[in-house]
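Visitor: Hello! Could you take me on a close look at one helix in this protein, and show me how it sits among its surroundings?

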Amino acid sequence: MRKLSLRDGDLRSFLSTIETTDLSEEIVDKARWCLVDLIATAVAGSATPLAGILVRYVGDFHGVGLNGGPSCRPMIGGPLTNPVGAALLGGMVIDSMDAHDGHSLTKGHVGCAALPSLLAVAEAARPDLEGGTFLRLLIAGYEIGTRAGIALHNSVPEYHSSGAWNAVCCAALAGHLLELDETRFQHALGIAEYHGPRSQLMRDVDYPTMVKDGSGWGAMAGVSAAYLASGGFTGAPAVSVVDEDLDEVWNDLGERWRIQEQYTKLYPVCRWAHAGIDGVRELKAAHAIKPDDVDEVIVHTFHEATRLFQGIPQTTDQAQYGTSFPTAVALIHGNVLPQHVVDDALGDPQVCRLTERIRYVEDGEYSRLFPARRFARVEIRLKDGSIHSSAPREPRGDPDAPLSVAELERKFLLYTTPAWGEEQSRNCLCYLSQFGRPGTTVRDLLHAIRN
């Protein structure tokens, strides 16, 4: 039997102290931009078919019952529901537009589940929570979630979806907001880990569908676990947190701030395709390449990226978990935006023709370096026989190649304006740029992103 430590208590203490911890402006600013980016992705995701299905599902099965109970609304608005349903809906809507932040060693995403869970329980239990405190708790979510993801990958051979370890993160955040005592807090983590969706992610890579990265289900499992524990439900210890063999993953909690290691996406598709898209865009700009002149594009990359969908997509999920199609979009439009991977855009004849001439192939050295490094090298062969090649590169938006403030603001406006209009988008961006300073609250934040 594995030896267990008291890591649960460490997490409880960490969450209790971070509300008043004096963090550097750099760390708080990173959290603020993560918040901005997640909201932009949620707004873009609200136009996907998945969002409509989930709104109906949550309304039918997670509405506030006759006996009352905690209530809130989904993060970007909608009918009154309970925090469990709001967390599920928020996580799945963000995940439905694959443009949210992530971390290389987790091979997944923290914020996608942490933010909607934190908002749902905060609205139900502490709506006047001060904005600075909320940002510090969001930071705590990134710290716990990133470590939970690394711990899971270090302790089991299968590649599980983000929801598997996000459940633990969301239980910790919800348990803190519900003011669980240490014993019930430990049970919440254990319930969440036990019931978290241990989804085999490569199944969805091979067959892209709406299940995506399991983040919404992880958020639902985590928030449910906290409420169950508050009522006396018990759970086995969360091994990914308390196993002594994983101490090195957790020992630097509160000292090393892993939120600063999160990448930000430029495109609403799987991160594994980004280096190839970046390379194509650079070659197009450098050599004034016209799409009609392209004979073939070959992207040399790591094995997992070659498993992504390389055909002509029939659904937005295939487009987002694709490589050849979004690469063709980048060659034709010079960018990849949400409107390029949904609805009628999937049948664009020019993009579809070019998609058939793009291949992603494995490079053994790049496969060896994955997941810590995600390389691609691009060759564009033109019909006149000339070849343009890029140097090996990693995606833009990584911590060592961050997006500028102007790029982050532009992404927010591009993602939100189609749904909100330019005036509301700019007003919300202005508010969010100040969120966390004195006078801001969770209630105000929710008003800003729902109106």
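Guide: Gladly! Please keep in mind that this is a predicted model. The chain has 21 helices and four strands. Its radius of gyration is 21 Å, close to the 22 Å that the globule rule gives for 451 residues, so the chain is as compact as a globular protein of that length. Along the principal axes, its C-alpha atoms fill a box of roughly 70 × 55 × 40 Å.

What about inside and outside? Of the 451 residues, 60% are buried. The chain still exposes about 17400 Å², and carbon and sulfur atoms supply 51% of that area. If you take the contacts between residues at least 6 apart in sequence, 78% of them join residues at least 24 apart.

Now for our helix, α16, which covers residues 324–333. A residue counts as buried when its relative accessible area is under 20%. Nine of the 10 residues of α16 are buried, so this helix is largely enclosed by the rest of the structure. You can find them one by one: S324, F325, P326, T327, A328, V329, A330, L331 and I332.

And what do these buried residues pack against? Their partners include the helices α13 (274–287), α15 (316–320) and α17 (349–355). Strands are there too: β1 (294–301), β2 (358–362) and β3 (376–382) pack against the buried residues of α16.

For comparison, look at α10, a helix of 16 residues (215–230). From its first C-alpha to its last, α10 reaches 23 Å, close to the 22 Å expected at 1.5 Å a residue. Its buried residues include G216, G218, A219, M220 and V223. Among the elements covering the buried residues of α10 are α4 (83–95), α5 (111–125), α7 (162–177) and α8 (182–195). A glycine follows this helix as well: G232 has a positive phi, near 105°.

To finish, step into the loop between α9 (201–206) and α10, where you will find V211. With a relative accessibility of 54%, V211 counts as exposed, because the cut-off for exposed is over 50%. From V211 to K290 is 79 residues in sequence, and their C-alpha atoms are 36 Å apart in space.

Notes: Residues are numbered from 1 along each chain as its sequence is written. This is a predicted model: local features need pLDDT of at least 70, side-chain atom pairs count only at pLDDT 80 or more; totals for chains, interfaces and linings use all residues. Side-chain values use heavy atoms; hydrogens and water are left out. Helices (H or I, at least four residues) and strands (E, at least two) are DSSP runs, numbered from the N terminus. The radius of gyration is taken over C-alpha atoms; the globule rule is 2.2 Å times the number of residues to the power 0.38. Buried means under 20% relative accessible area, exposed over 50%, partly exposed in between (1.4 Å probe, protein chains only). Contact means heavy atoms within 4.5 Å. Accessible areas come from the Shrake-Rupley method with a 1.4 Å probe; for residues, only the protein chains shown count as cover. The expected span of a helix is 1.5 Å times one less than its number of residues.
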